Amino acid sequence: MNINELQEIARQVRASIISNSHRTRTPHLGSCLSCVDILVAAYFHGLRVDPKNPKAPERDRFILSKGHGAPALFHVLALKGFYPESMLESYGQDGGVFAEHPPIPDHLPGIEAATGSLGHGLPIGLGMALSARIQEKNYNVVAVLSDGECNEGSVWESAMMAASQKVNNLLVIIDFNKWQATGRSEEVLALSPLMDKWRAFGWEAHEIDGHDMLQLTQSMSRVPNSKGRPVAVIAHTVKGKGVSFMEDDNNWHYRIPTADEVSAAFKELGVKL
Amino acid sequence: MRNAFADEITKLAAIDPRIVLLSGDIGNRLFDKFKKSNPRFFNCGVAEANMMGVAAGMALSGLRPVIYTITPFTTTRCFEQIRVDVCYHKVPVIIVGTGSGLSYARLGPTHHSCEDLAILRVLPNMTVLAPADGAELRLCLRAALKLKGPVYMRIGKKGEPLIHKKNPELRIGRSITVREGSDVCLISTGTLLPVVMKTAESLVSQKISARVESFHTVKPLDQETLTEVFSHYALVAVVEEHSRIGGLGGSIAEWRVRQKGLKGELIGFGTEDEFMHEVGSQDYARRKYGLTVENISHRVLAALGKITA
């Protein structure tokens, strides 16, 4: 799939997420929009996954450790064909399977781990990456973390173990949108220099524009890592990316768009309502 | 007990390539044999939250991780990882808490664990085991590896006496009758079984015949045995090296209150709702909380109306 096609999918996903948020009155729009491009590059370019065989032993594993980006993941998995898009109509409904965070794998095809409490996805992903070595399989593990999530000590516990174990099939992508729920991530708990932190923890680290499809697709091929190290990609992103009045405005962590705002957003995205 | 664990897990891992042993920077020398014969040993460092998540990731990949660390650090320290990564995902991670209860009395309250049964048994999907001796431990470990979901097993440290001279038949969820008796039923869980057995022997001189049950499984609760016992005995005493809040006694009390027509009165022995500030040996700590032959016999006799309390 070429870059233009990936960008087109990302546009469609953004539109779906926005209308979904309005329809179901569910939050985390800003967080979803900031990671859409990462998810699209992963599922439509980097990951070796087969929606018809979601439990294939050699598949790559993807964990959305920032579980509050679930609406983005749910739409990408549907587009990829893990389940019909029509299933998403039950999002947030009583008795349905789509909560505001990813459920356990038994409950939805394509999900590798239930997340939502931050700081869990990387340790689980590390366990999966080590399992590939133990079981002599060739898959990679990709975990997407938020910058706020890097507040959690378990992230850094895991980073140290991945380095000591010289895990070469583990890729962490930080959706670095500079915000967490209630403030600038740099001000809440000093994060910078984020790339140097990962390097100091023994990882190979790179910085990219997290909305540039070319850079994202290139990042996906950094694992397996030839130097035998885990890889962190610091993806600079914009919270609310794609809609001018949502971009870098942290109110959209919890705000629900009105019908007028949905129309304006669709217009900007160039997607028909 | 820890030597029995190290020996048994080494043997089991030799024949089951799915078994992975994870330790939180403890067990120096204890796992030398395992490490020598098997590359599937991971010292995860002093980072228990990560260790629990790693184990869950391994179990989601088809392996059978077994975690071994001092009880508070593999329970209270990483409780959310146990709840979300292990129990919610319903993966077969076996969590072994060593030095549980008051085994490490001398190390101070940071190393005591009199809350673990309470907080682990409340988690959905979790099986909770408390073997009495090395023999029960080996059998519990083998049985746990056959389950498809998470297991927590609290064990002692070292030097606990072997009660079962030969291997009993052990099934998870069914207690073991260690001694027959007709006047009172003493229910023991974990490493207090030797004290409970001696209590039963001392009651003989008072013309009281005591049955002893070893509840190596705290959850799922052996309701069949409990129904039988509470129907036959006027008095049932639960003894545990755990807080009287929420442990096996608490669990039986929750069950007991929902039953109709059972005659047995329930009394419980366990630790107080407090941190033990004084330094002391495990025996000292047990004496402090009345987990002794003398105190248990005395209260049983009083409850049976043989003496005044």
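In the second largest cavity of this predicted model, the lining residues divide into seven nonpolar, two polar and one charged, where Ala, Val, Leu, Ile, Met, Phe, Trp, Tyr, Cys and Pro count as nonpolar, Asp, Glu, Lys and Arg as charged, and the others, Gly among them, as polar. A cavity here is a set of points, on a 1 Å grid over the protein atoms alone, where a 1.4 Å probe fits but cannot get out, and its lining residues have an atom within 4 Å of a point.

Before I go on, a word on conventions: because the model is predicted, local features need pLDDT of at least 70 and side-chain atom pairs count only at pLDDT 80 or more, while totals for chains, interfaces and linings use all residues. Residues are numbered from 1 along each chain as its sequence is written, chains are lettered from A and ligands numbered from 1 in the order in which they are written, and side-chain values use heavy atoms, with hydrogens and water left out.

Returning to that second largest cavity, its volume is about 40 Å³, a volume being the space filled by probe spheres set on the grid points, which are joined across faces, edges and corners. Its lining includes Phe62(A), Ile63(A) and Leu64(A), and strand β1 of chain A, residues 61-64, supplies the largest share of that lining, with three residues; strands are DSSP runs of E of at least two residues, helices runs of H or I of at least four, numbered from the N terminus.

Leaving aside residues up to four places away in sequence, Pro194(B) touches Pro161(B) and Ile163(B), contact meaning heavy atoms within 4.5 Å.

Finally, the cysteines: the whole structure has zero disulfides over all chains, a disulfide being a pair of cysteine sulfur atoms within 2.5 Å.

Conventions:
1 Å grid on protein atoms, 1.4 Å probe; cavity = no way out; pocket = protein on both sides within 12 Å on 5 of 7 lines; lining within 4 Å.
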